[in-house]
Structures are given as structure tokens and as C-alpha cells.
Amino acid sequence: MPHGLISRNNTSLKYLRLSNNKLQGNFLSKFSNMTELVVLLLDNNGFTGTIASNMLSSPSLAILNLSKNNLSGFIPSWLPHLMNLAILQLDGNFFNGPIPSEVCQMQNLHLLDLSNNKISGSIPSCLPNISSWTKEISIDIDISFYQGDLQVVYSNYIRPFYTRVTTILTTKGMTLTYEGLPLSLMTIIDLSMNQLTGNIPSQMGHLKALHSLNLSNNILSGPIPESFQNLESIESLDLSHNKIVGTIPPQMVQLYELSTFNVSFNNLSGAIPYEKQFTTFKESSYTANPYLCGPPLQRSRSCNNSSQPRDNKGEEEEGDSTILDSSPFFYLWVAIAYILGFWGFIALFANKNWRWKFFNTVDRCFDCSYLNLHMFGLDLENFCCN
């Protein structure tokens with residue numbers, strides 16, 4: 001960190017951007033005198049160390065981007081002291097430990113990016129406590145700039161003059177740059193590429209104002225919550241590369257804003273909802289779920305056949321009734337009977353004694369029939385002719 005910047009009195013500094021440099025050293029070791037900061041952008045540097053509670057003491061801080069550094073330690077539990085913080089980007093570092101439940105106290109948080117770290121534990125179920133994810137609220141920034149003798153005041157939302165604040169976000173499967181008004185309205189949770197475990201909290205279905213949710217590349221288990229049908233503003237939902245089980249809730253076809261959907265590489269089963277906007281999702285959205293069936297899968301088993309393992313009793317009963325009655329076994333028995341009958345007949349005539357015995361038996365049967373016919377007063381010649 002430049003010595004001149006941290007040594008002078010910077011209590012009136014509101015905007016500081018040192019992104020995309022090669023700055024190194026202990027992070028913000030002497031930054032506590034910047035008490036009026038609104039925007040702090042230090043992403044894509046080489047800062048190390050942890051974030052101590054005395055490093056950031058500006059209650060006005062609205063945007064904090066520390067992504068792509070070498071920071072470590074736990075996610076600070078004192079972050080709620082930054083009451084106006086709307087954008088928090090800590091992605092691409094070495095943070096570990098759980099997500100502190102204190103994060104749920106950050107009522108103005110619009111964008112939370114903790115991706116590509118070593119965070120473990122479960123997802124806090126209290127996330128719906130954050131009001132900006134349950135109803136549409138723009139980022140509230142009250143900041144003044146001077147252009148010569150003209151004071152320009154920007155409050156309630158980011159106006160065009162403030163477009164110097166740009167943020168790179170990964171959403172809808174793409175890396176995009178947001179600024180200005182779109183940035184002020186964007187709501188994102190990105191917890192991907194960590195070591196999160198446990199079920200996805202059903203309470204997350206109450207985040208009606210959330211536009212993008214990325215939980216991919218974790219170790220999450222359990223089903224997709226049926227409450228996800230209430231994510232009415234969701235545009236991008238990525239749950240891929242986890243251990244999620246169960247079916248895809250059919251009610252999710254009511255998510256009319258959803259344009260990017262990925263549940264590949266899980267253990268999902270059952271029929272894929274294939275209605276409305278879900279007909280636009282390609283096979284890649286469902287890859288590596290061996291028990292899913294139906295379109296858009298090209299080589300899927302029929303959904304009419306059960307894709308779930310059944311109990312042993314059912315399998316035995318079905319085996320008793322279907323294996324013996326199936327076509328291959330029927331034709332096998334016919335073939336065996338034909339072979340035995342044919343070769344038995346050949347063997348009979350190949351042996352001289354058997355052949356004479358066979359003809360004698362036939363002669364006796366014929367004579368017996370002739371005699372019986374005469375006993376009943378029947379004419380054999382006329383009987384045979386008729």
C-alpha cells in the first residue's frame with residue numbers, strides 16, 4: 001500500500017480504486033483513518049493476511065471489492081457493522097471456515113460473492129432476513145463529487161456520472177461487467193467453488209427479489225427445495241456439481257424469468273419438467289444425472305419405466321412372473337422341444353430293432369381298429385373312402 005496514501009489524513013476520502021495492480025503486503029494495515037469511504041476497490045492484487053475488525057471503520061461503505069487477492073482466515077463476523085454495505089466481493093481468495101450467521105443482519109446487501117474460496121459448513125438458513133433479497137430495493141448511495149464550482153449530489157441510486165464504479169460478475173454462465181443503474185438493481189448470491197455441505201435451506205425459496213443464485217461445485221446434498229418455485233425474479237440458477245438428490249420440482253416451470261438453469265452432475269431422478277421456458281434448456285443442463293428421464297435428454301430411459309431402485313420383494317415377484325413368460329424363454333423351450341423330437345425320431349429309425357418294433361406296433365393298432373369297425377357293422381372300405 002502506498003505510504004503516502006495511508007499516512008495522511010484521509011477522513012474525507014469517499015472513493016478509492018486500486019484494482020488490477022501488483023500491490024502486496026498485509027491488507028489494510030493502516031486503513032482505519034478512512035472513515036468516510038463509500039467505495040473501496042482493491043481487487044486483483046496480491047494482498048495477504050486477514051481482515052481485522054479495526055481495518056474498516058467507515059459506516060458509509062457501500063461497495064467493497066477485495067476479490068482475487070491472497071487473503072485468508074474466516075469471513076469476518078463484524079461485517080454487519082458496515083450497515084450500508086450493498087456489494088461484498090471476497091471471491092478468489094483463501095477464506096475458510098463457515099459463513100457467519102451475522103451476515104444475515106446486513107439488510108442492504110445486494111451482492112454477495114464468496115466464490116472460489118475454501119469455505120465450509122452449511123448455508124445459513126437466515127438469509128431471507130436480508131430485505132434487499134426479498135423485495136426490490138436499489139442500492140442507496142449518498143455521495144457528493146465536485147466538478148469545478150458545481151457540486152453534484154447522487155443519492156438513492158447510481159446515476160450515469162457514477163459509472164466509474166464497474167464490477168465484474170459471473171452470472172448466466174458468463175462473466176459480465178455491470179455498472180450504473182443495472183449494478184444498483186442487481187441481486188446475486190454466489191457461493192460456488194467452495195466446500196459447503198448439508199441441504200439447501202428451504203428458506204432460500206423466500207428470496208423473491210434474487211436475480212442470480214450460484215451454488216455449484218460444492219458438496220451440497222438433499223433435494224432441491226420445493227420452495228424454489230417462489231423465486232419469481234430468478235434469472236440464473238446453477239446447482240451443478242453437487243450431490244443433490246430427488247426430483248426437479250415441477251412447480252419450477254412457473255419461474256418465468258429463468259433463462260439459465262444447470263443441475264448437471266448430481267444424483268437427480270425422475271422426469272424433467274418440460275414445459276414453458278424449461279423447453280429452452282439444453283441437454284447440458286442435466287448431464288450426469290443417471291436417473292433423470294425425458295426430453296431434452298437424447299438417450300434417456302423412458303419415464304414410463306421406473307428409474308428408481310425397487311425393494312427386493314417386488315423384484316422377486318416380478319422376476320417370477322415375467323422372466324418365464326418373456327419371449328426369449330418361450331422360443332428357447334420351442335427350440336428344445338423341436339430338437340428332442342426331431343433327433344428322437346431319427347434315432348428311432350436308425351436302430352433296426354426299434355424300427356421293427358415300431359412297425360409291428362402300428363400294424364397291431366391298425367388290425368385292432370379294423371376289427372372294431374366290423375364289430376359295429378361298419379364297412380371299412382366305405383368308411384375309409386368317406
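Is Asn-20 buried, partly exposed or exposed? Asn-20 is partly exposed, at a relative accessible area of 48%. Buried means under 20% relative accessible area, exposed over 50%, and partly exposed in between (1.4 Å probe, protein chains only).

This is a predicted model: local features need pLDDT of at least 70, side-chain atom pairs count only at pLDDT 80 or more, and totals for chains, interfaces and linings use all residues. Residues are numbered from 1 along each chain as its sequence is written, and side-chain values use heavy atoms, with hydrogens and water left out.

The protein chain holds six helices and 23 strands. These are DSSP runs, numbered from the N terminus (helices: H or I, at least four residues; strands: E, at least two). Of its 386 residues, 42% count as buried.

| Residue | Phi | Loop between | Relative accessible area |
|---|---|---|---|
| Asn-20 | about 60 degrees | β1 (15-17) and β2 (24-26) | 48% |
| His-241 | about 60 degrees | β19 (236-238) and β20 (245-246) | 34% |

A cis peptide bond joins Pro-295 and Pro-296, with omega about 10 degrees. Pro-296 sits in the loop between β23 (291-293) and α3 (312-322).

The count of salt bridges is one (side-chain nitrogen of Lys or Arg within 4 Å of a carboxyl oxygen of Asp or Glu). Asp-91 pairs with Lys-68, their closest N and O atoms 3.5 Å apart. Asp-91 lies in the loop between β7 (87-89) and β8 (94-97), Lys-68 in the loop between β5 (63-65) and β6 (70-74), so the pair ties together parts 23 residues apart in sequence. Asp-91 is buried at 8%; Lys-68 is partly exposed at 47%.
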